[in-house]
Amino acid sequence: MHEFKYRNNQLYCENVLVGKLAKTFGTPLYVYSYHTLIDHYLKLKSAFSEINPLICYSVKANSNLSILKALIAKGAGLDIVSGGELFRAQKAACPPQRIVYASVGKTDKEISAAIARGILFFNVESLAELKNINRIAKGLNKITRVAIRINPDVEAKTHKYISTGKITNKFGIDLASAYKILLLRSKFENLNICGLHIHIGSQITQSAPFVEAIKKVADFIQRLKNKGLVLEYLNIGGGLGIIYDREAPQTAEIYANEIIPLLKKTGLKIILEPGRFILGNAGILVVKVLYIKHTLKKKFIIVDGGMNDLIRPALYNAYHQIVPLSLRVGEPVSAREKVDVVGPICESGDFLAKGRLMAKVKEGDYLAVMSAGAYGFSMSSNYNSRLRAAEVMVAKDKALVIRKRETCEDLIRNEII
Ligand SMILES: *Cc1c(COP(=O)(O)O)cnc(C)c1O
């Protein structure tokens, strides 16, 4: 569910007319609904209330400071994957004991900064990294908490670029190797290896892969217990799928009901790392139709936002619903036509929709690309020297700019002639 709805054939975000935002702030424009994102956070929180997990919102889904602050204020922690995200977490005043840090390629500088900050723990992805964190912690005269990221070797049944829990993926450590490490954990004098982590992928719509992965890890935890190895945390990652098109993803309740019994049996403190589930349907990208172009084979709707603003269609062949901000009433469905909605970027991969059946649009019309709140702005770039879009947050009747549109000066800020 989300707060982007038509009233009198005009698209609203909460109580604000989206068309008005487009005119006031220009396009392309990201618009977020505060209440949608908070609702999704609370939905997950309440589904898991029985075990009261720490919910660490995955910063990379959408890293705007206002969004981080809004979630932190509701009790969320943060899942970070870089020194830049650690900096954002600090700027958003996230208590360090609510920060967990994953990534296969943490640098010495990033590790030192996170240790100095006193984060809850690192999710460690290799033996080499474990040794390195131990070495750095020793240099800083600190004992640092880490969780071992397990690669449970399960098929997440999602796009291959966002599947992370197969043994052929670069993420995590296989169970046998993790077992060996844990048996020797006292050898890492400056580490407290106190947890396990899994994150098997993103946009997972069925609970079966989650259940399979958690069962594997729960059995593993039991095996460790039998050896007298006690842990404190189990971080089950993110990955919950949302509705873009006709998906029927498991709800937070179904997901929770299926896995809570398994989680309870471990006796560990549970951590969740949702990203897309919280932000995905809480944001849209508003674009303006620049030109309509008929070629010998196709009709193109050329809009002012492209793959530099929203790369998901180009990168994952992802589907985003595209709707007009103003519905034209009384138009028969038969008047719909097949079009490609494309951006201005000089790449044939620059499309927002291909072969899409849409109601007729005119030059100057505004369109909303739905479900663009997660992995939208955070994956945007300056490719073709295009200025990154502005971001606006709506709460009830209020709309606030939470990131200004970039200027040409921003483009060249760090360049030296
Ligand atoms: C990206 C990521 C997440 C969030 O994934 P979603 O599919 O957005 O929920 C969680 N944990 C880790 C380690 C990640 O890399």
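The model is a predicted one.

The ligand is surrounded by 15 residues, and the closest are Lys 60, Ser 202, Glu 273, Arg 276 and Tyr 375. An N or O atom in the side chain of Lys 60 lies 2.6 Å from an oxygen atom of the ligand. For Asp 79, an N or O atom of the side chain is 3.2 Å from a nitrogen atom of the ligand. In Gly 275 the backbone takes this part, with an N or O atom located 2.9 Å from a ligand oxygen atom.

When residues up to four places away in sequence are not counted, Lys 60 touches Val 81, Glu 85, Tyr 375 and Ser 378. Tyr 375 is also among the residues closest to the ligand. Between Lys 60 and Ile 80 there are 7.2 Å in space, C-alpha to C-alpha, although the two are 20 residues apart in sequence.

A pair of aromatic rings is characterised by two quantities, the distance of the centres and the angle of the planes. Seven aromatic pairs were found in a search of the whole structure. One of them is formed by Phe 121 and Tyr 233, with 5.3 Å from centre to centre and 50 degrees between the planes, and this pair is tilted. It links distant parts of the chain, since Phe 121 is in strand E8 (residues 121–124) and Tyr 233 is in strand E11 (residues 233–235), 112 residues apart. Phe 121 counts as buried because its relative accessibility is 0%, and Tyr 233 counts as buried at 11%.

In a further pair, the ring centres of Tyr 179 and Phe 220 are 6.2 Å apart and the planes stand at 65 degrees, so the arrangement is edge-to-face. Because Tyr 179 lies in helix H7 (residues 175–183) and Phe 220 in helix H8 (residues 208–226), this pair ties together parts that are 41 residues apart in sequence. Both Tyr 179 and Phe 220 are buried. Elsewhere, Tyr 30, Tyr 32 and Phe 377 are linked into a cluster by ring pairs.

Aromatic rings also face charged groups. The charged end of Lys 106 sits over the ring of Tyr 101, at 5.5 Å from the ring centre. Likewise, the charged end of Lys 354 sits over the ring of Phe 351, at 4.5 Å from the centre of that ring.

Helix H5 (residues 108–117) has the buried residues Glu 110, Ile 111, Ala 114 and Ile 115. These residues lie on the same side of H5, because they cover an arc of only 130 degrees around the axis. The exposed residues Lys 109 and Ala 116 are carried on the face turned away from the buried side of H5. Among the elements covering the buried residues of H5 are helix H4 (83–91), strand E7 (99–101), E8, helix H6 (127–139) and strand E9 (144–149). After H5 comes Gly 118, which has a positive phi near 75 degrees.

Technical notes: Residues are numbered from 1 along each chain as its sequence is written. This is a predicted model: local features need pLDDT of at least 70, side-chain atom pairs count only at pLDDT 80 or more; totals for chains, interfaces and linings use all residues. Side-chain values use heavy atoms; hydrogens and water are left out. Contact means heavy atoms within 4.5 Å. Rings of Phe, Tyr and Trp (its six-membered ring) pair if their centres lie within 6.5 Å; planes under 30 degrees apart count as stacked, over 60 as edge-to-face and the rest as tilted. Helices (H or I, at least four residues) and strands (E, at least two) are DSSP runs, numbered from the N terminus. Buried means under 20% relative accessible area, exposed over 50%, partly exposed in between (1.4 Å probe, protein chains only). A charge sits over a ring if NZ of Lys or CZ of Arg is within 6 Å of the ring centre and within 35 degrees of the ring normal. The arc is that of the directions from the helix axis to the C-beta atoms. A residue is near a molecule or strand if one of its heavy atoms lies within 4 Å of it. A polar contact is a pair of N or O atoms within 3.5 Å; within protein, one must be able to donate a hydrogen and the other to accept it, and residues adjacent in sequence count only if both atoms are side-chain atoms.
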